[in-house]
Amino acid sequence: MANEKKVKALIKLQVPAGKANPAPPVGPALGQHGLNIMDFCNEFNNQTRDKAGDVIPVEISVYEDRTFTLKLKSPPASTLILKKVNQKKGSNTPNTKSIGTITIEDLKEIAKVKMQDLNAYDEDSAIEIIRGTAKSMGVNVQ
């Protein structure tokens, strides 16, 4: 593999799906590595257009010749949980004030979406991770 490009930097961002633009945080993060910001914006927006409304974590591998590759991840678990309970943000005091209730079936659904990004061996472990996130946000699990 002598012709493989050398990675110069790895940039991790969370950008709303289909809405990447040169404004911060995207512009400064990519500009400091000499990337063409509009190329990134166009490619990201094309790949995420069908996920509108979600925040998509993306890993950008920057190569020495100023090219890049994108690796899209699944939306954060907290975002998926808030969507299920129809809330904008988690509870300020999750131990005393609940913002909603989520079912085990909802947790399974979210775990399936997040499975490739979670540090879990099986679906049950993934569900427990999502349950913990929900609890820390003030969401009850039925």
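Tutor: Let us begin with Lys88, which counts as exposed because its relative accessibility is 83%, and the cut-off for that word is over 50%. Please keep in mind throughout that this is a predicted model. Lys88 sits in the loop that runs between helix 3 (77-85) and strand 4 (100-102). If you follow the chain 11 residues along, you come to Ile99, and the C-alpha atoms of Lys88 and Ile99 are separated by 9.9 Å.

For a contrast, turn to Glu59, which is found in strand 2. Its relative accessible area is 16%, and therefore Glu59 counts as buried, since the cut-off for buried is under 20%. Leaving aside residues up to four places away in sequence, Glu59 touches Leu10, Ile11, Lys12, Thr69, Leu70, Lys71 and Lys73.

To place those contacts, we need the sheet itself. Three strands make up an open sheet in the order 1-2-3, and their pairing is antiparallel. Strand 1 (7-16) and strand 3 (68-72) are the edge strands, each of them pairing on one side only. From one strand to the next, the twist averages 20 degrees. In general, the strands of a sheet pair through backbone hydrogen bonds, in either a parallel or an antiparallel way. Here, strand 2 (residues 55-63) and strand 3 pair in the antiparallel sense over five bridges, and Val62 has Phe68 of strand 3 as its bridge partner.

Helix 2 (residues 37-48) packs on this sheet, where it touches strand 1, strand 2 and strand 3, and its direction makes about 30 degrees with that of strand 3. Two phenylalanines of this helix deserve a careful look: Phe40 and Phe44 are separated by about one helical turn, because they are four residues apart in helix 2. Phe40 is buried, with a relative accessible area of 1%, and Phe44 is buried too, with a value of 0%.

What does a search of the whole structure find in the way of aromatic pairs? The search finds two. Phe40 and Phe44 form a stacked pair, with 5.7 Å from centre to centre and 25 degrees between the planes.

Note on methods
Residues numbered from 1 in each chain as written. Predicted model: local features only at pLDDT ≥ 70, side-chain atom pairs only at ≥ 80, totals over all residues. Heavy atoms only, no water. Pairing = 2+ DSSP bridges. Axes fitted to C-alpha atoms, helices over the stretch in contact; angles between N-to-C directions. Contact = heavy atoms within 4.5 Å. Buried < 20%, exposed > 50% of the residue type's maximum accessible area, 1.4 Å probe, protein only. Phe/Tyr/Trp six-rings, centres within 6.5 Å; stacked < 30°, edge-to-face > 60°.
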